[in-house]
Amino acid sequence: MSARNPGTELDLDAISKVRVNTQAVLKRAQQIQGHKLLKKQWQAAWLLKAVTCIDLTTLAGDDTPSNVHRLCLKAIQPIRHDLLRKLDMNDKGVTTAAVCVYPSRVADAVTSLKAANSSLPVASVATGFPAGQTPLETRLQEVRMAVSDGATEIDIVINRTLALTGQWKAMYDEIRQFREACGDAHMKTILAIGELGTFTNVYKASMVAMMAGSDFIKTSTGKESVNATYPVAIVMVGFKPAGGIRTAQESLVWLSLIKEELGNDWLCPQLFRLGASSLLADIERQIYHHVTGQYAAYHELPMA
């Protein structure tokens with residue numbers, strides 16, 4: 001990942017004047033969704049690209065050291081070796097972009113990856129994920145703990161109350177404190193777009209988060225009723241869609257959107273991520289079909 005974003009001064013005057021043309025956003029999103037998707041070897045190549053941008057995630061109440069260990073092994077070898085060999089990609093180092101866990105499971109992930117001699121980044125959600133409704137000092141301490149345990153990427157959540165009530169300076173100040181608590185770790189800021197109400201709020205929150213030093217801005221926690229959507233992606237700039245992305249075909253649309261809006265240079269894990277827990281299984285299933293001409297039985301592909 002590129003050097004972390006030190007942030008800039010908040011331009012409140014510019015933020016206050018922002019207005020988003022909703023109809024234009026919806027029209028552009030519809031155009032991108034209507035693009036013809038790739039087939040055969042070109043589709044397989046793009047699906048492997050999608051794999052390298054995934055933050056492979058487990059955020060469940062029943063997470064244990066054993067299922068975090070399994071997640072890490074899947075992240076290191078996301079596609080079966082024999083399938084990669086058939087695609088002549090077995091020696092290209094195809095892994096996911098990172099693994100993402102709760103703060104209390106960071107040490108487990110770090111231990112598992114170290115034992116496997118892998119330098120894959122460990123990301124941790126923090127700051128009262130998913131609601132962000134805990135006291136500020138508690139949220140800051142959670143960031144510090146995750147970094148201390150070895151997380152090199154922190155996924156924070158914004159205080160939606162501040163966004164909904166237009167307290168952009170207060171939101172900026174909070175994120176600046178999270179940025180400081182992250183130290184050298186990269187910071188991804190979750191906007192929880194399904195709870196922000198309007199595209200204008202989404203754009204304002206995006207700009208404030210980037211000005212405050214976010215390295216990525218992320219659509220959702222995956223826990224809201226509305227998560228990553230294509231119209232919201234048009235409004236955001238340099239982002240990580242998360243929540244509800246479950247199929248290989250959906251991942252191709254997201255890659256197409258990034259290519260169309262930002263260009264090929266953004267199609268890399270340093271600038272673009274897909275937050276997902278079940279997406280990888282469908283991508284591997286589609287690659288299996290491309291290689292063998294058949295769909296895999298449930299037991300034929302290892303689960304994360």
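**Exercise 1. How far apart are the end C-alpha atoms of helix α7, and what span should its 13 residues give?**

This is a predicted model, where local features need pLDDT of at least 70, side-chain atom pairs count only at pLDDT 80 or more, and totals for chains, interfaces and linings use all residues. Residues are numbered from 1 along each chain as its sequence is written, and side-chain values use heavy atoms, leaving out hydrogens and water.

*Solution.*
- Helix α7 covers residues 136-148. Helices are DSSP runs of H or I, at least four residues, and strands are runs of E, at least two, numbered from the N terminus.
- The expected span is 1.5 Å times one less than the number of residues.
- For α7 that gives 18 Å. The end C-alpha atoms are 18 Å apart, which agrees.

**Exercise 2. Find the buried residues of α7 and say how they are arranged.**

*Solution.*
- Buried means under 20% relative accessible area, exposed over 50%, and partly exposed in between (1.4 Å probe, protein chains only).
- Arg-139, Leu-140, Val-143 and Ala-146 are the buried residues of α7.
- Down the helix axis, they fall within an arc of 125 degrees, so they line one face of α7. The arc is taken from the directions from the axis to the C-beta atoms.
- An α-helix has 3.6 residues a turn, so residues three or four places apart point the same way.
- The cover over these residues includes α6 (106-115), β3 (122-125), β4 (153-157) and α9 (168-182).

**Exercise 3. Describe the surroundings of Asn-201.**

*Solution.*
- Asn-201 sits in helix α10 (residues 199-211).
- Asn-201 is buried, at 16% relative accessible area.
- Leaving out residues up to four places away in sequence, Asn-201 touches Ala-163, Leu-164, Trp-168 and Leu-196. Contact means heavy atoms within 4.5 Å.
- The Asn-201 side chain reaches the backbone oxygen of Leu-196 at 2.8 Å.

**Exercise 4. Classify the aromatic pairs.**

*Solution.*
- Rings of Phe, Tyr and Trp (its six-membered ring) pair if their centres lie within 6.5 Å; planes under 30 degrees apart count as stacked, over 60 as edge-to-face and the rest as tilted.
- The count by this rule is two.
- Tyr-102 and Phe-129 are edge-to-face, at 6.0 Å centre to centre and 75 degrees between the planes. Tyr-102 lies in the loop between β2 (98-101) and α6, and Phe-129 in the loop between β3 and α7, so the pair ties together parts 27 residues apart in sequence.
- Tyr-102 is partly exposed at 22%, whereas Phe-129 is buried at 11%.
- Tyr-230 and Trp-254 have ring centres 4.7 Å apart and planes at 45 degrees, so this pair is tilted.

Technical notes
Polar contact = N/O pair within 3.5 Å; in protein donor to acceptor, adjacent residues only side chain to side chain.
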